Every structure is written in C-alpha cells, then in structure tokens.
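Colleague: Could you take me through this structure? I would like to begin with the helices and then turn to the charged pairs.

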Amino acid sequence: MITDIPLLSVKNLTKYFPAGEWRLFGERDSVKAVDGISFDVNSGDTLGIVGESGCGKTTAARLILRLIPATSGRVFFEGVDVFGMNINQLKTLRKRIQIIFQDPFSSLDPRKTISHIISEPLVVHNVGNRHERKHAVAELMERVGISQQWANRYPHEFSGGQRQRIVIARALALNPNLVVCDEPVSALDVSIQAQVLNLLKELQRELSLTYLFISHDLSVVKHISSHIAVMYLGKIIELSKRDQLFDSPKHPYTQALLSALPVPNPNAVKKRTILKGDVPNPINPPLGCRFHTRCPIVESRCRLEEPLMRELDTNHTVACHLA
C-alpha cells in the first residue's frame, strides 16, 4: 500500500540551552527554547510559524537544518531521519533544503561580489564549470529582479530589499525543494515587504517550492501561508489551515493575537483582547498550561494539568482545556 509521506516531518523536537551555574548534584538550569513540537509540511505547501519574539521559532528552524544539535526529537525529510545522517548524506541534503535569513546584510559577505556570493553554493557542491556557473548566476539574478550589470558590485551598494533578493537567489542556486524563511521581510520597509512576499509566491508557483515561513507578523503569514502553527513559550499551541485559523481561532492566545490586527476601516468597532503580564521565564515555565498566567479564561485545571494537542475540527488542533 502506497502512502503519501510529508516532505518534512517534525516529531517531539526539543532544545534546552544550559543557563546559569552548576548546582549541587550536577544539576543546572536550562532555557527550554523548544519543548516538544510536532508538525508535518506537505510538498508545495507553506507552513507559517508565528508567535512572540523568544517563543522558539528561529531555534526550531535551526534545529531542522541541523545548524544546532537537538536535545531530543526527530526530523524526517521525505521519510529519512535528518539527525541520523552522516556528513556526506548531510551535504547532499543541503542541496534540498536552503534558508533565507532575517537580516540580508549580515548574511552576505561584505568582501565578496554578488556574483561570487550567488555562485558559492555551486562551487561548494561542484555543480557545473566556471562558464556554466556564470550563466546560472545571471539567470538567478534575472529571476529575482536584479540586473546582471550589477554582478560585480558588493552588498553595501544595494538597498535592503535588493540584498534580500540576492539572498533569495543564493538560496535557489541549488534548486532546493524546501526553503526555510526566517522572518525574511521583518527588516524591510512595508512597501518592500510586499514586493519580496510576492516574489516568494511567484517563485513557489514556478519552481514548486515548499516553504517553512517564520514570522511574528500575522498579516504577513496570512498573505503567504497555507497552514499556520502558533507557538508560545517553546510549544505549538494551535495548528490549522490558514482560513480556519483566521475565521475561527480556538486558543485564547491566538484570539488575542488576531484581535490586535488593524482593520482598514476607521469606522469599524473591534473588540480587543488585552493580555496582562509578561511572558514567563523559559528557564522555569509555569506548571500546567504555559499560557495560564496571562489567559483571560483560566480555570484551576489549567494551572495544574498541561493540555495536549487535540483535534477539534478537521485539520485543526489546539492545546487548550477550554477550547
């Protein structure tokens, strides 16, 4: 029997960072940056991961790419365990998965020309000869909207939006299947954000790409994602298709996030859910539901028992006792 295997499958992924000094009996505090998250991404889809700063979005992306080691859990790419790969297998995987970083300036080498930067993945993986790589760079620049005449310029000679286009061209150089977008438009002006988002959507259609899109901006995530996962303090608390999440959010935290979205109508009356207090310390997260210290509908059960992810509607799961 043939079954459909997700392009990317994350199972109980966890990352704890050591923090503070050693105590008696060899114990040490840990920052629970990512604490047992699970999700699947099918080929051609875009999963948006959204949440407040510090909730673990970027750490999860770096774990999936094996840029940092995981504390526990598994990541599967087309059914193959990424954490079980040796160096040669991992190098081959790098061709299939690429990343677009948040800050386009810091992710580009200021001492190298744009042509050198875009062709570097081809050189590292021994793809083509010098003439073929030069032709490939020209095609990539044209595809992302950068003139070939600027191939010998340096990163500081470009605007923020142009630099992000260069980063996108570099990510596409090896024809990947999955592109991890780590807040790729948060450092750009609003008008430039729209241009880059439309470019990403156009490239997805043309090249059959799959995106893991990380952002704290719900408007951006709504524009580009097909599915959305909401994170809070290292955990995924709601996961569903985009339209289901925006039309019928189930978790109180998701409802609060959506209530903060501006409405393009000065006469519209919208009820805001104001969250009180600060995000708890990830070194010592609260017992039970991690959101209970700020939840407007908290009950005694929430303070003692951690809610598990459960399916309320088709393809809509939530971790809340009261949803």
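Modeller: The following answers concern a predicted model.

Colleague: Which residues of helix H3 are buried?

Modeller: In H3, which covers residues 114–124, the buried residues are Ile114, Ile117, Ile118, Ser119, Pro121 and Leu122. Their cover includes helix H4 (130–143) and helix H5 (160–172). After H3 comes asparagine 126, with a positive phi near 55 degrees.

Colleague: And which residues are buried in H4?

Modeller: Those are Arg133, Val137, Ala138, Leu140 and Met141. Viewed down the axis of H4, they fall within an arc of 165 degrees, so they line one face of the helix. The buried residues of H4 pack against H3 and H5.

Colleague: What span should H4 have, and how far apart are its end C-alpha atoms?

Modeller: With 14 residues at 1.5 Å a residue, H4 should span 20 Å, and its end C-alpha atoms are 20 Å apart, which agrees.

Colleague: What caps the N-terminal end of H4?

Modeller: Asparagine 129 does, with a side-chain oxygen 3.2 Å from the backbone nitrogen of histidine 131. Just after H4, glycine 145 has a positive phi of about 85 degrees.

Colleague: Let us turn to charges. Where is arginine 170, and what is its nearest side chain of opposite charge?

Modeller: Arginine 170 is in helix H5. It is buried yet has no salt bridge, and the nearest side chain of opposite charge, glutamate 120, is 5.5 Å away. Leaving aside neighbours within four places in sequence, arginine 170 is in contact with Gln98, Ser107, Leu108, Ile117, Ile118 and Pro121.

Colleague: How many salt bridges does the structure hold?

Modeller: There are 12. One of them joins the side chains of arginine 290 and aspartate 35, at 2.2 Å from N to O. This pair links distant parts of the chain, 255 residues apart: arginine 290 is in the loop between helix H9 (252–259) and helix H10 (300–304), and aspartate 35 is in strand E2 (residues 30–41).

Colleague: Are those two buried or exposed?

Modeller: Both arginine 290 and aspartate 35 are buried.

Colleague: Which residue does glutamate 78 meet in a salt bridge?

Modeller: Glutamate 78 meets arginine 96, at 2.9 Å from N to O. Glutamate 78 lies in the loop between strand E4 (72–77) and strand E5 (80–81) and arginine 96 in helix H2 (residues 87–96), so the pair ties together parts 18 residues apart in sequence. Glutamate 78 counts as partly exposed, at 39% relative accessibility, and arginine 96 likewise counts as partly exposed, at 26%.

Note on methods. Residues are numbered from 1 along each chain as its sequence is written. This is a predicted model: local features need pLDDT of at least 70, side-chain atom pairs count only at pLDDT 80 or more; totals for chains, interfaces and linings use all residues. Side-chain values use heavy atoms; hydrogens and water are left out. Buried means under 20% relative accessible area, exposed over 50%, partly exposed in between (1.4 Å probe, protein chains only). Helices (H or I, at least four residues) and strands (E, at least two) are DSSP runs, numbered from the N terminus. Contact means heavy atoms within 4.5 Å. Lys and Arg count as positive and Asp and Glu as negative; His and the chain ends are not counted. A salt bridge is a side-chain nitrogen of Lys or Arg within 4 Å of a carboxyl oxygen of Asp or Glu. The expected span of a helix is 1.5 Å times one less than its number of residues. The arc is that of the directions from the helix axis to the C-beta atoms. A polar contact is a pair of N or O atoms within 3.5 Å; within protein, one must be able to donate a hydrogen and the other to accept it, and residues adjacent in sequence count only if both atoms are side-chain atoms.
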